[in-house]
Amino acid sequence: MTTGAPTPTYPARPRRSRLRTFLPLGIAAWLVLEIWLLTVVADAIGGLAVFLLLVAGLVLGSVVIKRAGRRAFQALNEALQRGGTPSSGGGNGLMMLGGLLIMLPGLISDAMGLLLLIPPVQKMLSAHAERTFDRKLREATAGSFGDAFQQARIHRPDGKVVQGEVIRDEPGDAPREPRPPLTG
């Protein structure tokens with residue numbers, strides 16, 4: 001039975017991106033696969049051996065992360081001593097990621113982490129990431145992330161959002177009155 005009242009129309013919700021949709025599913029599938037593989041290996045070689053393998057991964061991963069962090073800090077320190085900026089990271093970020101993957105409990109993450117410790121793989125991945133980053137930066141259009149700092153939102157008391165754009169005046173455009181001195 002209807003009362004004749006119109007149904008309220010709400011603004012359509014924006015579509016979720018593919019990453020936000022499939023990332024949780026991918027993480028869940030990865031975790032299930034890691035647990036299944038650990039149980040299969042534990043049945044084959046024993047639970048104590050798998051436990052020792054996981055502890056060894058934790059220790060090895062922490063050593064790799066510590067070493068990569070030390071190398072990155074030394075590179076930064078040397079660059080600052082020269083008065084310049086540090087050159088390419090030399091794979092320290094990928095080395096830290098590899099150490100983190102080794103530290104995570106699981107055999108698949110250990111294999112991926114060990115793969116990231118191989119220098120040719122590091123060079124290939126860093127070159128691919130740099131090319132992708134440059135391409136995305138060239139494809140960025142107005143109103144995208146590059147323009148994010150120029151956009152502003154004003155929230156009104158009634159809950160509505162008023163979109164606007166920040167326009168900065170140049171220092172020589174308008175005369176300003178002298179400011180009073182700050183006293184504390």
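Biologist: Where in the protein is the place of Phe 51?
Modeller: This is a predicted model, where local features need pLDDT of at least 70, side-chain atom pairs count only at pLDDT 80 or more, and totals for chains, interfaces and linings use all residues. Numbering starts from 1 along each chain as its sequence is written, and side-chain values use heavy atoms, with hydrogens and water left out. Helices (H or I, at least four residues) and strands (E, at least two) are DSSP runs, numbered from the N terminus. On that basis, Phe 51 belongs to residues 47-82, which form helix 2.

Biologist: What is the area of the nonpolar surface patch that includes Phe 51?
Modeller: A patch joins residues with over 30% relative accessible area and no salt bridge; nonpolar side chains (Val, Leu, Ile, Met, Phe, Trp, Tyr) are joined within 5 Å, and like charges within 9 Å. Areas come from the Shrake-Rupley method with a 1.4 Å probe, and for residues only the protein chains shown count as cover. Leu 48, Phe 51, Leu 52, Val 55, Val 59 and Val 63 make this patch, of about 580 Å².

Biologist: Which pattern does the protein follow along the sequence?
Modeller: The protein has five helices and two strands. Read along the sequence, these follow the pattern α-α-α-α-α-β-β.

Biologist: What percentage of the residues of the protein count as buried?
Modeller: Buried means under 20% relative accessible area, exposed over 50%, and partly exposed in between (1.4 Å probe, protein chains only). The protein exposes about 15700 Å², with carbon and sulfur atoms supplying 65% of it. Of its 184 residues, the share counted as buried is 12%.

Biologist: Which helices are included in what covers the buried residues of helix 4?
Modeller: Helix 4 (residues 107-116) has Leu 107, Ser 109, Asp 110, Gly 113 and Leu 116 buried. Their cover includes helix 1, helix 2, helix 3 (92-103) and helix 5 (119-139).

Biologist: Why does Gly 113 count as buried?
Modeller: Gly 113 is found in helix 4. Contact means heavy atoms within 4.5 Å, and Gly 113, leaving out residues up to four places away in sequence, touches Gly 98, Leu 101 and Ile 102. Gly 113 counts as buried because its relative accessible area is 0%.

Biologist: How far from Asp 110 is the nearest side chain of opposite charge?
Modeller: Asp 110, in helix 4, is buried yet has no salt bridge. A salt bridge is a side-chain nitrogen of Lys or Arg within 4 Å of a carboxyl oxygen of Asp or Glu; Lys and Arg count as positive and Asp and Glu as negative, with His and the chain ends not counted.

Biologist: Which backbone nitrogen does the side chain of Glu 34 reach?
Modeller: Glu 34 is found in helix 1 (residues 18-45), and is buried with no salt bridge, Arg 67 being 22 Å away. Leaving aside neighbours within four places in sequence, Glu 34 is in contact with Gly 106, Leu 107, Ile 108 and Ser 109. At 2.9 Å, its side chain reaches the backbone nitrogen of Leu 107.

Biologist: How far apart in space are Leu 104 and Leu 54, C-alpha to C-alpha?
Modeller: Leu 104 sits in the loop between helix 3 and helix 4 and is partly exposed, with a relative accessible area of 31%. In sequence, Leu 104 and Leu 54 are 50 residues apart, but in space their C-alpha separation is 8.3 Å.

Conventions: Polar contact = N/O pair within 3.5 Å; in protein donor to acceptor, adjacent residues only side chain to side chain.
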